Amino acid sequence: MRATILLALSLLFVGCTGRAPVRELLRQAEATVAEAPDSALHLLQGIAPTALGNRAGRARYALLYAEAADRAGVDADCGPMLREARDFYRSRPHELRRHCRALYYLGRARLRKGDKPGALRLFLEIEERLRSIDEPYYLGLLYLRIGEVYHDELNFVQAYRYYRDARDLFIRSDESRLTAEALLGMTASSLRMRDVERTRRNCTLALDLADELHDEALAKRCLAQFAALYAATDPIRIPEELLQRIERSVRSDTTAAGCCTRAQTQLLRGRSDSARRNLNEAFARNSDIGSMPMLLYTSYRIEERAGRYREALQELHRFTFLGDSLTRTALQASAGMIEKEYFRERAAFADYRIRNRRIREIAVSGIALLLLGITGFFIRQRIRLDKERNERSLLLIREAQSEYLKLSGSLRQRQDTEAQLKGVIASRFSIVDQLGKTLYERENTASGQAAMVRQVKQLIEGFAENGEMLRELEQIVDLAHDDAMRRLREEFPKMKESDVRLLCYIFGGFSPQVISLFMNDSVANVYARKSRIKARIKASETPSRELFVDLLG
């Protein structure tokens, strides 16, 4: 199936390299990296580095390439690309997941180079960052790798704890194969701790998952763990069906691990010579120092079963010496010490941040107090200025009050003068009015009154003509009635001069009879013109309309 997917993607890549953009190829690789990492890796290898474009494209390519190589089990040197991706995503908080992925694959690269302390520091940094988000898959991978580091350094208690946490996270993310990997790690750790029941339970669960996945390689590793378990425990006898399955799984395996498993099955069968021969072949093919303790212990068990106790004691001494050497080597760069140092650095950094925060708080408090002092000073100055302004305002009020009193006295004096003037005007015009009435009543009567009539006519004609007496009359009316004539001429500029004279006589208090004499008109016409002008003024919107209406009566 995987070969078919690889072939299809290869054909697709060959057919669309000249047309499809690099972004589409990256999308296809991202879609297939989980199920077919070999195909995704082949697809990524066909992309030219110069076609990736900007930093974002190169960072995405580096993550996909590292993941595909890791899943496919290919030892690829992705360090420079991953460091560029790490630097790119570090300054982008919204890309936290990709930043952690870059750190994870950098840690994996360091593990392959044997730099366990450097890898563990990266893993611990990732763990601290992933606590802020819910990412069970990558956190499970992280715990799986940390468990491997602790297992290689013979700290099986810590290794078992990390493997167990990884198993729980993989169960949450529905990753059956990785769940089985974590169970195998738990099996190997509990086996080295001589916890037989826990080892058998975990190995059984891992084998069941491998059978469900139809993964022969995973099942083979589970069976090898079963062989090591039963070979190391005397009282417990291995089931025949399980033993036969283990023998079938390593029948054609020529690796050191396969030869060791065959030696253990031969030991369980009671065939010491065949077991010793297979174990010697395993010693010859082995290149991993981490597998030597199991080989030596198996050799001890074989010699003990064969009754060769001197050789068995020698193998036991070799096993103990190697274990002590490995323990000393592990203690020189202990993962626990690295973890403790890492957390000590983090604690020191936290203390540094707290000290800086305290300094910032003190500085902020000082600035706040300074601002409060400045604010208080300005408020005090403002109060003083307001007080001075209020005092000036009170002084101005007193001055205004004094001026008001002066103006009130002047106004009262003016009012008294106006009252006196109105009395004079009233007395003067009452005489004229009376003379007019007398003339009107006794005109053409006795010859003895001829002189009076002539005088009255001269007086009336003097008022009737547009002369000095008429202007004086207007001034007197303005003085007596708030500039009524001036307002009339301003507010009714188109009014006839005869109508203005009529209103002047009316405002002056003359009767219609006298006015008829002044105007050389009949009394009836005077009343009619007065009514017409009054109606006109009422219909207008002039400011002095009410004054004019009151004066018209």
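The count of cavities of 30 Å³ or more comes to 5. A cavity is a set of points, on a 1 Å grid over the protein atoms alone, where a 1.4 Å probe fits but cannot get out. The model is predicted: local features need pLDDT of at least 70, side-chain atom pairs count only at pLDDT 80 or more, and totals for chains, interfaces and linings use all residues. Residues are numbered from 1 along each chain as its sequence is written, and side-chain values use heavy atoms, with hydrogens and water left out.

**Largest cavity**

- The largest cavity has a volume of about 50 Å³. Volume here is the space filled by probe spheres set on the points, with grid points joined across faces, edges and corners.
- Its lining consists of Ala66, Ala69, Asp70, Val74, Ala76, Cys78, Leu82, Tyr105, Arg108 and Arg112. Lining residues have an atom within 4 Å of a point.
- Helices α4 (55-72) and α6 (96-112) each supply at least two residues of this lining. Helices are DSSP runs (H or I, at least four residues), numbered from the N terminus.
- By class, the lining has 7 nonpolar, no polar and 3 charged residues. Ala, Val, Leu, Ile, Met, Phe, Trp, Tyr, Cys and Pro count as nonpolar, Asp, Glu, Lys and Arg as charged, and the others, Gly among them, as polar.

**Largest pocket**

- About 1600 Å³ of space lies in the largest pocket. A pocket is an open set of points with protein on both sides within 12 Å along at least five of seven lines.
- The largest pocket is lined by 46 residues. His151, Asp152, Asp288, Gly290 and Ser291 lie nearest its centre.
- Seven-line geometry aside, several helices build the lining of the largest pocket: α7 (116-130), α8 (136-152), α10 (176-192), α12 (216-232), α14 (256-269), α16 (292-305) and α17 (309-332) each supply at least two residues.
- The pocket lining divides into 23 nonpolar, 12 polar and 11 charged residues.

**Helix pair α15 and α16**

- Helix α15 (residues 272-285) packs on α16 at about 160°, with the axes 10 Å apart. Axes are lines fitted to C-alpha atoms, for helices over the stretch in contact, and angles run from 0 to 180 degrees between N-to-C directions.
- α15 and α16 are therefore roughly antiparallel (an angle over 145 degrees).
- From α15, Ser272, Ala275, Arg276, Leu279, Ala282 and Phe283 meet Met292, Leu295, Leu296, Thr298, Ser299, Ile302, Glu303 and Arg305 of α16. Contact means heavy atoms within 4.5 Å.
- This contact has 8 nonpolar, 3 polar and 3 charged residues.

**Helix pair α12 and α13**

- α12 and helix α13 (residues 240-249) pack at about 125°, with their axes 9 Å apart.
- The crossing of α12 and α13 is left-handed.
- Ala219, Lys220, Leu223, Phe226, Ala227 and Tyr230 of α12 meet Leu242, Arg245, Ile246 and Ser249 of α13.
- By class, that contact has 7 nonpolar, 1 polar and 2 charged residues.

**Helix pair α24 and α25**

- The axes of α24 (residues 523-539) and α25 (residues 545-552) come within 9 Å and cross at roughly 155°.
- α24 and α25 are therefore roughly antiparallel to each other.
- α24 passes α25 in a left-handed crossing.
- Lys530, Lys534, Ile537 and Lys538 of α24 make the contact with Arg545, Phe548, Val549 and Leu552 of α25.
- The contact residues divide into 4 nonpolar, no polar and 4 charged.

How values were computed:
Angles under 35 degrees count as roughly parallel, over 145 as roughly antiparallel, 65 to 115 as roughly perpendicular and the rest as oblique. A crossing is left-handed if the near helix is turned anticlockwise from the far one by less than a right angle, and right-handed if clockwise.
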